[in-house]
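Please walk through this structure with the text beside it.

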Amino acid sequence: MRVNFQLNGDSVEVDVEPRMHLADCLRDVLRQTGTHLGCEHGVCGACTVIVDGDAVRACLMLAVQAEGSTVVTVEGLSTEAALTPLQTAFRKHHALQCGFCTPGMLTTAHALLTEEPDADADRIRSVLSGNLCRCTGYIGIVEAVLEARAAYRKAAPGAGKP
Amino acid sequence: MKPAPFDYQAPATLREATLLLAADPEATVIAGGQSLMPLLAFRLAAPSLLVDLRRVSGLGTIAIGDSGVRLGARVRWRDIEDDRRLVTAHPLLREAIGHVAHYQIRNRGTVGGSLAHADPAAELPGIAVTCDAEISLAGAAGTRTIPAGEFFTGPLSTLRRPDEIITELHLPPWSRDRRWAFREFAQRQGDFALAGIVLFYDEDQDGRARNAHVGVIGACNRPHRLIEVETLLNGHQVDDGLIRQAAATAAQAVDPPEDLHAGAAYRRGLVATLVERGLRAAAQKRGR
Amino acid sequence: MIGANRYIGSPVERIEDLRFLRGRGEFVGDLQREGMLHAAILRSPVAHGRIRGLDATAARAMAGVHAVITAAEIGAVPTIPLRLLPLPGSERFLQPVIAAERVRYVGEPIAVVLADSAALAEDGVGAIALDIEELPPVADRHVSGKHDILLFEETGTNLAMKFTATLGDADAAFRDAPYVRRESFQVQRHTALPMEPRGVLAEWDAAQGRMTVLGAAKVPFFNRDTLAAMLGLGPAEVDLIENDVGGGFGARGEFYPEDFLIPFAARHAGRPVRWIEDRREHLTAMNHARQADCEVEIACRRDGTILGLRGEVFVDLGAYVRTNGLIQPRTLAQFFSGPYRVPNIRITSTALLTNKTPSGTYRAPGRYEASFFCERLVELAAGDLGIDSAEMRRRNLIGAAEMPYKLARLEPGGPAVDTECDSGDYGETLERCLAEFGWAEKRELQGRLIEGRYHGIAVACFIEGSGAGPKETARLELEPDGTVAVYVGSAAVGQGLETVIAQIAADTLGMPLDQMRVLHGSTPYLQEGYGAFASRSTVLGGSAVFEGARALLEKIRAAAAARLGGSADEIELVDGRARTSDGSSVSFAELAADSLRVDAAFANNNKLTYSYGSAAAHVAVDPGTGRVELLDFLVVEDVGRIVNPLTLHGQAIGGIVQGLGGAFMENLVYDANGQLLAGNLADYLIPTAADFPTIRAIALENHPSPSNPLGVKGAGEGAIIPVGGLMANAVANALTSFGAMPNQLPLSPARVWQMASIEKSVGVP
């Protein structure tokens with residue numbers, strides 16, 4: 001089936017089997033491999049992408065369900081020039097080790113802070129409880145997201161969609 | 001863990017959707033997919049056709065009025081969270097939904113999906129049953145409404161026929177002065193509840209409980225009300241002694257399953273704890 | 001000895017982060033090749049059985065399916081050799097790369113399907129008709145120990161290996177001891193669970209007769225040699241390439257059946273083949289770990305001085321002896337006493353085969369288990385003798401003046417029959433830990449009920465023998481653009497290897513960090529390499545790079561002096577040029593034309609170097625639900641020398657959280673038929689960000705290692721070691737009024753609830 005959607009600001013069209021999930025479509029067909037697969041049953045969060053402003057698990061969505069949507073992946077959260085404030089904070093706080101869960105952490109944190117730039121540590125931990133990490137023990141990740149809030153407060157005085 | 005192959009349709013109307021289901025008994029509805037996709041990934045389900053409701057309009061509203069709260073089947077957890085009217089219109093629903101799964105799942109999981117999936121540990125079926133809700137369905141032959149208390153027949157099992165699509169959950173109006181609580185216990189945040197209690201009661205002028213509704217999730221094969229506990233509470237002041245009795249009664253009233261996470265004895269213990277804590281909290285808090 | 005120390009000791013931000021943060025990591029699942037086929041594996045659905053027949057006709061006929069490979073297509077099926085501790089007798093229980101006639105665990109590979117997509121390959125697997133005669137399963141180590149049902153009939157036994165750790169005369173010590181306590185303990189089966197499942201991408205170049213395998217990790221050189229032998233190729237004809245690796249923790253990177261099956265498939269099909277493990281198969285295919293139970297006793301004087309430890313440990317090894325499967329039972333025995341002075345020891349450790357997924361190493365293998373057993377015993381003894389928990393440790397810790405201190409002798413021991421704690425002051429980390437934790441104040445809370453919860457505190461001490469030998473290799477080359485290519489045989493598994501190695505090279509050379517380019521793991525880089533395990537990369541890899549960098553510095557100076565005149569020791573390296581004291585200089589580009597390169601190695605005679613520390617914890621237990629909240633956790637560890645405090649801290653926190661997962665929630669539960677019940681991530685529970693927010697780690701470098709030029713000790717595994725025992729003791733102390741005996745892990749809510757119930761109930765899982 002043909003599917004059309006927006007990916008990181010570009011229009012894309014793919015032709016995929018109905019059973020292909022969005023994560024596989026992004027990775028194997030569109031070759032955006034930053035979105036990772038850690039479980040394929042909706043638990044680990046490594047596949048988190050942002051669809052129409054909402055953080056979702058790309059392994060729990062069919063590619064065909066992305067028709068007409070706006071999709072943002074970790075690649076779309078980067079610039080060539082410098083690291084974004086969120087990325088900078090992750091690096092500073094050693095919020096990644098093997099890097100496998102990191103894309104999902106970044107998309108989830110970005111979605112959260114865009115809507116809730118004042119999220120406190122409990123809220124951040126609660127939201128990130130849907131993203132598993134086996135390397136870091138999470139402390140650095142939460143510290144990084146807390147620090148990144150400043151940049152999101154400046155960017156959007158009111159709540160908005162990422 | 002790729003699903004077995006299936007066809008896919010995204011009809012524009014509810015009618016078309018029911019006709020597609022009626023024409024193919026192996027077809028299945030997909031809405032948010034948060035419960036269905038894992039089943040497909042594990043090949044525990046292998047439908048021939050997925051009928052996606054994403055283009056069907058009219059199923060995504062939350063209507064609040066004199067007849068109570070009506071949740072369209074495609075209403076997401078996220079929508080319930082965002083709707084501030086529910087803080088007063090149905091605080092118990094709102095509290096319970098706060099425990100559902102995780103952030104990403106809440107952006108796609110739906111009311112209809114949860115009711116159709118009928119996990120015995122799921123929050124919304126517990127709310128539906130305890131609050132005397134009604135579930136509306138549309139099928140090839142027409143529409144019907146089933147009381148939630150009858151709808152769930154066992155683990156992952158309901159009265160919904162294969163050609164039927166859930167359209168709405170209707171919760172009766174909520175009394176402002178009601179005493180209520182929702183308590184669940186899961187090993188980690190967002191995990192399925194090992195046990196959960198949904199409760200509310202009203203009070204007469206003398207402070208005695210009446211209209212008690214106490215429901216259980218997780219420590220059972222399907223959500224159900226604990227009639228023995230309700231009978232115990234009705235007509236009495238809910239004091240310390242009664243609370244302890246209610247807790248003990250609740251523990252005996254449930255028939256919990258056993259699995260790798262918890263045995264029956266522990267689940268009974270959890271039910272007792274949750275009833276006790278829920279009733280204590282309800283005794284202190286009225287309305288909101 | 002070292003240069004300016006601009007980088008070593010600094011919290012340098014990691015080089016590897018730049019690609020990971022952008023989603024530009026290259027994990028094996030991200031790679032594609034022209035004409036690539038996808039593989040899926042048919043795995044045994046039963047725990048123990050005889051394959052009577054396999055019909056792949058329907059599968060082979062499916063559109064998109066290219067081949068189905070079974071033992072028949074392979075012919076002589078190789079078995080997977082032992083990488084560590086190839087002790088006599090163990091060769092009887094090695095795993096064949098594919099099941100031919102017999103299956104011995106749920107998940108054992110039986111066939112490989114090659115297809116145009118992973119989904120089609122999985123469809124193909126589903127279409128294979130398998131006829132297996134089920135045999136009664138050896139469901140646990142008790143059944144195994146009866147030796148009635150045998151996994152390998154021809155051997156007559158299910159006993160894979162028995163180790164004995166001895167010191168002094170345990171029987172005499174126990175005979176005369178004024179106090180003896182005997183208990184049974186259990187640690188559950190659990191697993192490393194890296195976030196990236198495994199994957200292999202193999203390419204066969206028929207014209208050249210070369211096999212290239214991507215997705216290698218941990219020990220690529222050993223695996224290269226093993227694969228080459230299995231394929232009938234020379235080692236020079238096989239390359240194993242290390243891409244980005246999503247966590248290892250000891251489990252990923254060992255040689256598994258798929259590490260042969262996928263390359264074989266590529267050669268068989270004449271096309272590249274990629275296999276990516278899914279999480280469900282991961283839980284039955286990747287090494288399990290840790291399952292052990294014991295009956296042990298401690299003998300003390302009345303003042304708490306430990307006189308002896310004696311007992312029997314049993315390890316549920318699973319169906320085969322894997323490449324490093326004997327490390328856990330072996331280490332459990334030898335390290336049972338941990339950092340404590342125990343003059344008389346006899347611990348046996350018996351590894352028994354069962355019809356479960358085979359087990360291997362997982363972060364501090366055997367040590368986590370031993371610490372749980374020992375710390376529980378020590379705590380019980382302290383309680384019985386009326387001695388404060390901290391004082392009990394203080395009295396029994398090996399003293400700085402006693403170094404080196406010999407641990408129990410282990411037989412059969414392989415290359416490390418004896419080992420000794422080499423250096424350090426164990427009491428120092430204990431005192432620092434107690435002070436920072438606030439032990440004196442928090443002691444008041446012991447066993448108290450506050451706002452409906454019982455509070456408990458505990459302290460534990462640990463040693464970590466790190467830097468397993470025999471050696472590591474490196475090569476450094478000065479490039480024309482002024483950078484230095486640093487090749488090292490160590491493997492990256494997410495621990496920050498690139499950055500740490502770059503720091504060491506840069507400081508030694510006196511050059512900027514961004515001029516270092518670290519290449520690691522892949523076999524084409526070096527003649528030989530040893531890899532990442534037993535926390536050895538900084539110790540051995542770092543030391544090899546250090547030696548290499550020193551040697552390269554000498555060569556650069558000599559070459560510059562030769563061109564510019566003057567003596568080599570007056571040459572300075574500044575801004576990409578080599579300069580004499582009078583200002584004349586020559587660029588690296590010019591020097592590089594002289595082919596300035598150095599091959600280096602560092603060997604340590606298989607002598608471990610010991611980091612050590614203490615940890616303390618404060619918990620609150622809810623008797624109504626069994627939930628344990630960790631209110632505070634602190635570890636203080638001396639690692640000899642800190643190269644990067646940022647990454648070091650990450651290792652400690654990460655290890656602790658893994659340890660907490662093991663202490664409270666992770667459990668590979670099997671039923672009586674050998675079926676794994678925890679077959680997905682909704683049932684196998686690991687910690688999330690919400691579970692343990694209050695963890696602190698302090699690293700010290702007061703006692704450098706005497707056995708390597710950097711003075712470093714390995715720091716990847718220390719912090720996880722005490723976690724199990726610590727949590728159990730804290731819970732025991734919280735529930736002291738119930739007489740609770742948390743002698744089994746995990747301390748699930750159900751188990752804790754039962755301990756806190758006035759009426760004891762039966763049937764708690």
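Chain C and chain A bury about 4,200 Å² between them. Buried area here is the accessible area (1.4 Å probe) that two parts lose on being put together, summed over both. Carbon and sulfur atoms give 57% of that area. L21(C), R22(C) and M195(C) supply 19% of the area that chain C buries against chain A, more than any other three residues. This is a predicted model: local features need pLDDT of at least 70, side-chain atom pairs count only at pLDDT 80 or more, and totals for chains, interfaces and linings use all residues. Residues are numbered from 1 along each chain as its sequence is written, chains are lettered from A and ligands numbered from 1 in the order in which they are written, and side-chain values use heavy atoms, with hydrogens and water left out.

The contact (heavy atoms within 4.5 Å) takes 56 residues from chain C and 45 residues from chain A. The rule finds 6 salt bridges across this interface. A salt bridge is a side-chain nitrogen of Lys or Arg within 4 Å of a carboxyl oxygen of Asp or Glu. In one salt bridge, the side chains of D28(A) and R274(C) meet at 3.8 Å, N to O.

Which elements of chain C supply the side that touches chain A? α1 (17-21), α4 and α18 (645-664) of chain C each supply at least two residues. Helices are DSSP runs (H or I, at least four residues), as are strands (E, at least two), numbered from the N terminus. The largest share, 8 residues, comes from α18(C).

Now the sheet. Chain C has an open sheet of 7 strands in the order β3-β5-β1-β12-β9-β10-β11, with mixed pairing. Two strands pair if DSSP finds at least two bridges between them. β3 (65-69) and β11 (238-242) of chain C stand at the edges with a single partner strand each, so one side of each has no neighbour in the sheet. The twist averages 20° from one strand to the next. Angles run from 0 to 180 degrees between N-to-C directions, with axes fitted to C-alpha atoms, for helices over the stretch in contact.

I69(C) stands opposite V112(C) in β5(C). Helix α4(C) (residues 118-126) packs on the sheet. α4(C) touches β1 (37-43), β3 and β5 of chain C, at about 30° to β1(C). Helix α7(C) (residues 220-231) lies across β10 (210-216) and β11 of chain C, running at about 145° to β11(C).
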